Amino acid sequence: MIQRALSWLLIVAACLSAGLLASPAAAHLTPNSEIRLTPEQDFILADIIVPRGEYAYGTDNPIDGGPQSLDVARRYLLSHFAVTDSSGKAWQVSIRKVEFVKIEGPPDLHAIAVLTPPPGVDARTLVIDWHVLIDSLPNHFALFVLDGGSQGERTILGAVRTGSAPLKVVIADEGALSALSSAVSLGVHHILGGYDHLMFLLALLLPAPLLAQSGRWRGQRSVREAVVKLAQIVTAFTIGHSLTLVGATLGHWNLPTAPVEIAIAVSVLISAIHAARPLLPGREPIVALLFGLVHGLAFATLIQRAGAGTASGAVSLFGFNLGIEMAQLAIVAAVAPSLLILSRFVLYKRLREVLAALCAAAATAWILNRSTGALGGFVTAMETVMSYAGFAVLALAAFALLQWIRSRAENRSEPAPGHV
Amino acid sequence: MALNVSDKAMSRLRWLLLPGLAAVIVTGVEWHGDRPSEPVANAASWPKAGYGPADFAHEQQRTADLLTLGREKVAQHPDEWLRQESLARALINRSRLSATYDELAEAKSVLATARREAPAGSGPLATDAVLSMMTHRLNDTEAALLTMRQMAVLEPADRSEIESLQGDVDFYRGNFSSARQHYAMAKQVDPASDSSYRLAIVAKASGDFDGAMALFAASEPHAGRSTPYLHANYALLFGGVEMARGNYRVAREWFAKANQTFPGYWLFEAHLAQAKALDGDLPGAIADMRQIAIKSPSAEAMDGLAMLLRVNGEAAESRQWAARAGAIWQHRLEQLPEAAYGHALEHELVFGSPQRALELARLNLASRPYGESQIYLASALLLNGKNDEALAQLAAAEKSGWRSAPLYALKAQAFEFSGRQAEAEQARTAARALNPRIFDAITPLVWFSHG
């Protein structure tokens, strides 16, 4: 009897638990503001994002995007936050840009403010007294983040809400040398972790000691010629990526990442095919230069994300590029001697073809992954394997050394000098 | 010569084709490896329900008739507690479709009369236990269960249901393991009983979304033996799990299926309107939700509408609807306070005052001291600048086994307020692992089923 009554009622209760009487699943999230600070040489840029709906709800100001609404928004912002140094001396605040724009999801009020300290005051220590919306909307808060830093970190500085004390911000001054070394380190780490850049370079180096004959890699360059060719390739690649890196960074080019990433993968595929069968024999430096331009765009995207290009200006840009070159030259120095030695042996043909095929397969996987999102798991696994490439370089060097010793021994044992 | 050129071309082509072929093979292997297992429930192949009123209007009529009958019986035999209990059940039944707490408040009062009329050791214990559970009165539920346990004659099925209800009480007290033990005991006492539905609730609260889907699917009666209303509610539950893990598109399919299975019910329609907003059609969603709020008129729909209007920058109308909803919540707090705390609190957190939100959050936690209430209290504490207390509440929720993206999102926020960047990042990662879209700009649009 009880059971029947309970069963019936529990079905009702089960339905209700999904509906009217169900306690809400968890706390509701409301849109909040975010302010990104980017330190420049003598001032700080504040990129302000306030959800448009919250702005309208908290102020009743117009949000139609017309000149009047923008003017009202500008005046509202300027009158609702102030910046001082730690002793209370006021900084100058100006709004460089204000707009209602859809960045992600519902539209936002977006503004860029320039925070300038008075002459002689340190531009790295400031106190922000923020009242935008938080006074009228008690559940609204503003999150302050420090954008950039030469390591590309997004540092949370703090959050303010109604009743919060003014936010004190101290931005660590890296100093020119420190900024340079951080930027160099970023460049080195980027190239070492940028397997597509490395693979492009490796694929171009593979046929460098060889000469093309009748659509095949058959002949051999002398050691001197091969070294010159290697130097040409590396220099051309450096010039190419430096041009676009500097241009894109200083010119503030706004580039979509996806096409650049796909183009880089295509460059790896083409250079891999060229390593197997000469597509553009003798023109490797030109190929390196042209594709270097594309690779430079990717470097620029990274440096823009890291803020190194703007945060510390030319020093960081130079340091980042220097880091890339240092890592690149170290890799060439580690790989090229082995390739030069091994290219004197018959087995190099097979080795070159195998490496070219691996590069081509990796490039194809990247192209598919970057254009369609497929092969995510495979690419991750592949890049994990690539992270152990240092061991492969060592093994290659050991193998080359072994071949060279064996060949020397064989030459000595022969009665008359011969040619391999 | 021509053949020679062709051979060369073919030879070069081979080098272009080889990597392509390798990639195709790898894609195939990966596709095979990544191929998701057959979903336990699928909105696209959702069967039709077997019997019962086909839509909201017919179900309303049916419950109204039952209620009229119940009232007539009580009018003729006002001193018989069984008639009173029967009326209370009709009221509970009716309350499913209602946008007010009127029926439940009346059921509570009718049951109080029935208890007074009943001889000692008897009375509407089962109905009382269930109503107490539904209205978040855990102590009253336990008291009713205690009396039921002392009854002289108890069938295994009765004992099994008592154990299940005890498990529910433990769940809402934040004791997952004890809840599971009681559900297991229920099965032990009566092997024919099924605790899958309750275990699904526990699984969802533990962040085990696949498990929750499987258990909900296992608990649902065969479609042929289910009413459209019940069947549609299961679609809503599946959609709720998908919402909790950020699969907003899949959730929308489930909500559409619920609405299609049982048309005219404001709750399903509100979920669909919200899904429209998540798909980017905010004006369309507002128009739909406005109709629902007028038609129902439900405080939840009004709050949902006020939120959509607020995000769209329509502040004046947003405030109007929020004020209307606020008045209804106030009335419900007077009718059935424990049942209303959580909802009224959510309203206060977004549209009201932080102090009032905190007051309600403490009452809510006292009434149901489990993870969800702790998260609410943490929200209110954060609003009131009490970071450390908020973090303590969230830690307690986590310790109880509660896992949800909003929990970790809130934790991240609390750490951000405290300037603990690394821990905030860690919490953000944990939140994204449960719901990759938790920090999306559109997520604040979610009012219903925001798990």
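**Reading burial, phi, strands and a helix**

User: Which burial class, buried or exposed, does A:L133 have, and how many other C-beta atoms lie within 10 Å?

Analyst: A residue is buried if 20 or more other C-beta atoms lie within 10 Å of its own, exposed if 12 or fewer, and partly exposed in between, with C-beta atoms placed from the backbone. A:L133 is buried, having 25 other C-beta atoms within 10 Å. This is a predicted model, in which local features need pLDDT of at least 70 and side-chain atom pairs count only at pLDDT 80 or more, while totals for chains, interfaces and linings use all residues. Residues are numbered from 1 along each chain as its sequence is written, and chains are lettered from A and ligands numbered from 1 in the order in which they are written.

User: What is the phi of A:L133, and where does this residue lie?

Analyst: Most residues other than glycine have a negative phi. A:L133 has a positive phi of about 70 degrees although it is not a glycine; it lies in the loop between β6 and β7 (141-147) of chain A. Helices (H or I, at least four residues) and strands (E, at least two) are DSSP runs, numbered from the N terminus. In chain B, B:H136 also has a positive phi, near 65 degrees, and is not a glycine. B:H136 is found in the loop between α5 (125-134) and α6 (138-149) and is buried, with 22 other C-beta atoms within 10 Å.

User: Which strands pair with β2 of chain A?

Analyst: Two strands pair if DSSP finds at least two bridges between them. Strand β2(A), residues 44-51, pairs in the antiparallel sense with β1(A) (residues 33-39) over six bridges and with β5(A) (residues 108-116) over eight bridges. A:T38 has A:L45 as its bridge partner, and A:I49 has A:H110. Four residues separate β1(A) and β2(A), which form a hairpin. Six of the eight residues of β2(A) are buried.

User: How does the span of helix α8 of chain B compare with expectation, and which of its residues are buried?

Analyst: The expected span of a helix is 1.5 Å times one less than its number of residues. For the 14 residues of α8(B) (176-189) this should give 20 Å, and the end C-alpha atoms are 20 Å apart, which agrees. Its buried residues are B:F176, B:A179, B:H182, B:Y183 and B:A186.
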